[in-house]
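Dear colleague,

Please find below the sequence and structure for your review. My notes on what was found follow directly after.

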Amino acid sequence: MPKADKPKILVVNDDANSLFALTSLLAQWAEQESYEVVAARSGEEALRQVLMHDFAVILLDVNMPGMDGFETAEAIHQRPRSADIPIIFITAFVADELDRLKAYQQGAVDFLFTPVIPQVLFAKIAVFVTLAMKNEELKKQARQLSQRTTDLIASNERLMREIEERKTAERQNHAKDEFLAMLGHELRNPLSAISSAASLIGLPGVSLEAVGRAKQIIQRQSGHLGRIVDDLLDLSRAMSGKILLNRAPLDLAALASSCLDTYRTTGRSAGYDITLAAEPCWVEGDATRLEQILNNLLDNALKYTQPGGQIEVTAEVEDEDVVLSLHDSGVGIAPELLPHVFDVFVQGTSTLDRAQGGLGIGLALVRRLVELHGGSVTAHSDGGSGEGSTFVIRLPRTERLPVAKDCDMDSPQQGKPAVLLIEDNEDGREMMSMMLSCYGYQVHHAADGLQGLAVAASARPDVALVDIGLPGIDGYEVARRLRANPDTRHIRLIALTGYGLAEDQRRVLDAGFDMHLVKPVDIDNLMLAIGGAPLSAAPPQAADPAATQAPAPLAASAPAALGAGH
C-alpha cells in the first residue's frame, strides 16, 4: 500500500511523558503493521487533526484539562465524516460502571488502563488497523466498480445511439431508394405519354381531332414534368437556405380564392366539392410561394380524397395570426405516419400501381416555405377512412395594404412591341418564335450572342429575350454590350434561362437585364413580361384545339417572385 494510504493512529494525551511513551511504543510496530502515528496534546488539537485526516483508531486520555476525553469524543462523533472512528479511552483510574457507560455512549469501543501492557495494546491496535485497511480496500473496490458501471452505462448509451443512428440511416436509405423508384415512375409516365403523342402527330392519315388531343396531352404532361422539376429544385433550395422571399402585404383570402378559381378553370378540381370561407387576412409574404403552399396542400387533398369528396378551405384572423385551414374528407393519416408527414420523401401507403403518384416532397416543401414566412404548419387526423385530414397554417398578421388608385383603362392601346429572341437551341428558338407570332408579335431571332447584337442594331426591337448560355459570348456580355450602345440601350432586356438561384438573378440584374425568367416559362408570364395583354382568350391565329387550353400552373414568374429563385 502506498505511504499516503497508510492507516493513521491518533494518540491524545495532555501529559508529555505519557504521550511520548505511547507514541514510541506504537512506533516500534508502525513499519511492521504499516501505519502512521499522529500525536495531540489536547482535545482541541485532536479535533484539528480529525478535520485534516482520517484515523483507523484514536487513543484518547480521559482526564485532560479544559476539554476532557468524554467531551472530545462527543465532538469527534458529532462530525459525520469522523462519527465512525473507533475510540479507545486510556485512564489511570479504575472506571466504575457509570464511567464505562458514559464512555460507550460517547462512541468508545474499549478501555485501557495505565500502565498499558504493550502486548494488549498491540493486539487491540492491530485489529483496528487491519479493519481500516480492509475498509479502504472495500472503498477502492467500490470506486472501481462504480467506474466500471459508469463505463458500461456510457458504452451502452453509445451502443444504443449507434443502433439508433444505424436504424435512422437505414430508414433514410430506404426512403431514398423508394424516392428514386417513385421519381423514375413519375418521370417515365409523362415522358411515355409525350413520346406517344409526338409519334401520333407524325403518323399518316391521323385526324385533326386526334392531333389536337395529342397536342393537349403533350401540353398537359409537359406541365406535369415542369412541376416535378420545380418541386425538386425548390426543395433543394429550401433545404440549403437558398430561397429568398420577395415579401409584400397581400390578402391571403384573395390569394386562396384566386388559386381555387385556377383549379376550377383548369379542371383539376372537377368532381370535388371545394368550398372557401374566408375573411380578409393580410400577411406580408411572397405571393408566388404562398400560392405554391396552397397548391401543394390542395394537390395533397385531391390525391387522397375520392371523387365526390369534400375539401374545405378557411382563412381567418386569430389575435396576431392569420390562420389558413384546409380540411378534406379523404382517407386520413395513419397515427404512426402523422408525426412524419412533413418529412422529406414520406407518403401514405403506396402500392405498385402508384395510382396516387407524387414524390412525397410536397408537404416537406410546405413546411419549409411556411417557416421561411415566420409561421408554422400542423397536421391533424383521426386516421380512419373518410375521417379526412386537416392542415393548419399560422402566419404573422400584418396591416392591410392601402388601396391603390385604379389605372386609366380608357387610354389608347399602343401597338405590340417588336421582339428579338436570342436562343442557341434551334427547336426552342423555333417554338418560341412561332408562339410569339401566334400572339401577334413581330419576332426577330438570332442563334448566338454576336448575331443577336447585329440584329438588335439593325432591327431596333423593343424587347429582347436573351438566353444566358450562348456560344461565343454569353447572355451577360450581350446585355452589357446592348446597354453600352446608345442605339440599343433602350431595349427592354429579359433573361430567359434555366438558372434560377438567387445569385443567378443578381448576376442577371447586374449585367443590365430588366427581368429574370426561368425556363420553362409560362405563356401568361411571358406575355406580361414582354408588355402585351395577359392570356385571357385564345390567340388570334389559333385554330388548333390544343392552343385554346388554359395555361399550366406557374413555371416562372414576373419580378414579384424573382427573389424566390424561380
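The largest cavity holds about 50 Å³ of space. A cavity here is a set of points on a 1 Å grid over the protein atoms alone where a 1.4 Å probe fits but cannot get out; the volume is the space filled by probe spheres set on the points, which are joined across faces, edges and corners. By this rule there is one cavity of 30 Å³ or more. Its lining (residues with an atom within 4 Å of a point) consists of L252, L255, A256, L290, I293, L294, L324, I393 and L395. Two or more lining residues come from each of α7 (252-266), α8 (287-303) and β12 (389-396).

The model is predicted: local features need pLDDT of at least 70, side-chain atom pairs count only at pLDDT 80 or more, and totals for chains, interfaces and linings use all residues. Residues are numbered from 1 along each chain as its sequence is written, and side-chain values use heavy atoms, with hydrogens and water left out.

Strands pair if DSSP finds at least two bridges between them. Five bridges join β4 (residues 87-91) to β5 in the parallel sense, and T91 has F113 in β5 as its bridge partner.

Yours sincerely

How values were computed. Helices (H or I, at least four residues) and strands (E, at least two) are DSSP runs, numbered from the N terminus. On a 1 Å grid over the protein atoms alone, a cavity is a set of points where a 1.4 Å probe fits but cannot get out, and a pocket is an open set with protein on both sides within 12 Å along at least five of seven lines; lining residues have an atom within 4 Å of a point.
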